[in-house]
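Please keep the model open while reading.

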Amino acid sequence: MMSSRIKAKKQATLAEGEEKPSGRPRCPHTHLAILEATRDLLLEAGFVGLTIEGIAERAGVGKTTIYRRWPDKANIVMDAFFTCANPKLAFPDTGSLREDLLRQMRALVREFNGPLGQTVATLMAGMQSDSSLAEAFRQQWIEARRAESRAVVERSHARGELRADIETEVLLDALHGPLYFRLLTQYAPLNAAFAERLVDLVLSGLLTTTSPIKTTKTGGRK
């Protein structure tokens, strides 16, 4: 009886050992080199023109090194994207729907006016032809940003600032849509002044009569 228990224990130990990864640990410098190469090539060639071969050559590694870490191109691109983008942006609760939304919209405008903006535009173009990238971008970037704004709107409902019949998702579309439109088309400036006018326009008529919009004059910036 005792010998059978010992044998079973040894077999379990061996089975556990087989599940552990073997070989040398991953080099963080190699990982970073791959992500940097991906980010650079994405801006140079776009998502469609980006290849695993090109990433490997630019990073100075073999293709197998890349495939050990990522299953496909979309996953590499999203990881590279978040080396320069915050997955989430935390905002304090100011007690005012307008002020909370202004802080979020201004932060998004700042991101879009930096190097991140070009990457976002490139990814949005690529997601039109790649379902894996589209799903990853929607979940990891767009939904994360909407979740932050959604929390603001829900707090406003609880305070009685916002009319009860307002659909949260439609309100978020009205706020975020124009920012992405100006980012992609570049037909007009995307700046803090526009963000403020947008928030005030969207909220006009949506607040309860006891929650008037208090606007402030700002010059904005490009």
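Two residues are taken to be in contact when heavy atoms lie within 4.5 Å. The model discussed here is predicted. Leaving aside neighbours within four places in sequence, Leu179 is in contact with Met105, Leu108, Val109, Phe112, Leu190, Phe194 and Leu198.

At least three core residues are drawn from each of domain 1 (28–84) and domain 2 (97–203).

One of the contacts of Leu179 is Leu108, a residue of helix 6. Is Leu108 buried or exposed? With buried defined as under 20% relative accessible area, Leu108 counts as buried because its relative accessibility is 3%. Residues up to four places away in sequence aside, Leu108 touches Trp141, Arg145, His176 and Leu179. The C-alpha atoms of Leu108 and Ala195 are 9.2 Å apart in space, although the two residues are separated by 87 residues in sequence.

Aromatic side chains form a further theme. A pair of aromatic rings is described by the distance of the centres and the angle of the planes. The count of such pairs comes to five. In one of them, the ring centres of Phe81 and Phe82 are 5.0 Å apart and the planes stand at 55°, so this pair is tilted. Phe81 and Phe82 are both buried, and together with Phe137 and Trp141 they form one aromatic cluster.

Charged groups also lie over aromatic rings. The charged end of Arg145 sits over the ring of Trp141, 3.8 Å from its centre. Elsewhere, Lys73 lies over the face of Phe47, at 4.2 Å from the ring centre.

The side chain of Arg145 meets that of Glu111 in a salt bridge, at 3.5 Å from N to O. This pair links distant parts of the chain, with Arg145 in helix 8 and Glu111 in helix 6, 34 residues apart. Both Arg145 and Glu111 are buried.

Which residue forms a salt bridge with Asp173? The partner is Arg146, with the closest N and O atoms 2.8 Å apart. Here too distant parts of the chain are linked: Asp173 lies in helix 9 and Arg146 in helix 8, 27 residues apart. Asp173 is partly exposed, with a relative accessible area of 44%, whereas Arg146 is buried at 12%.

The salt bridge between Glu135 and Arg138 has its closest N and O atoms 3.4 Å apart. Both residues lie in helix 8, three residues apart, which is about one turn of the helix. Glu135 has a relative accessible area of 40% and is therefore partly exposed; Arg138, at 38% relative accessibility, also counts as partly exposed. Finally, a network of salt bridges links Asp93, Asp100, Arg155, Arg159 and Glu161.

Terms used. Residues are numbered from 1 along each chain as its sequence is written. This is a predicted model: local features need pLDDT of at least 70, side-chain atom pairs count only at pLDDT 80 or more; totals for chains, interfaces and linings use all residues. Side-chain values use heavy atoms; hydrogens and water are left out. Domain bounds come from an automatic or database domain assignment. Rings of Phe, Tyr and Trp (its six-membered ring) pair if their centres lie within 6.5 Å; planes under 30 degrees apart count as stacked, over 60 as edge-to-face and the rest as tilted. Buried means under 20% relative accessible area, exposed over 50%, partly exposed in between (1.4 Å probe, protein chains only). A charge sits over a ring if NZ of Lys or CZ of Arg is within 6 Å of the ring centre and within 35 degrees of the ring normal. Helices (H or I, at least four residues) and strands (E, at least two) are DSSP runs, numbered from the N terminus. A salt bridge is a side-chain nitrogen of Lys or Arg within 4 Å of a carboxyl oxygen of Asp or Glu.
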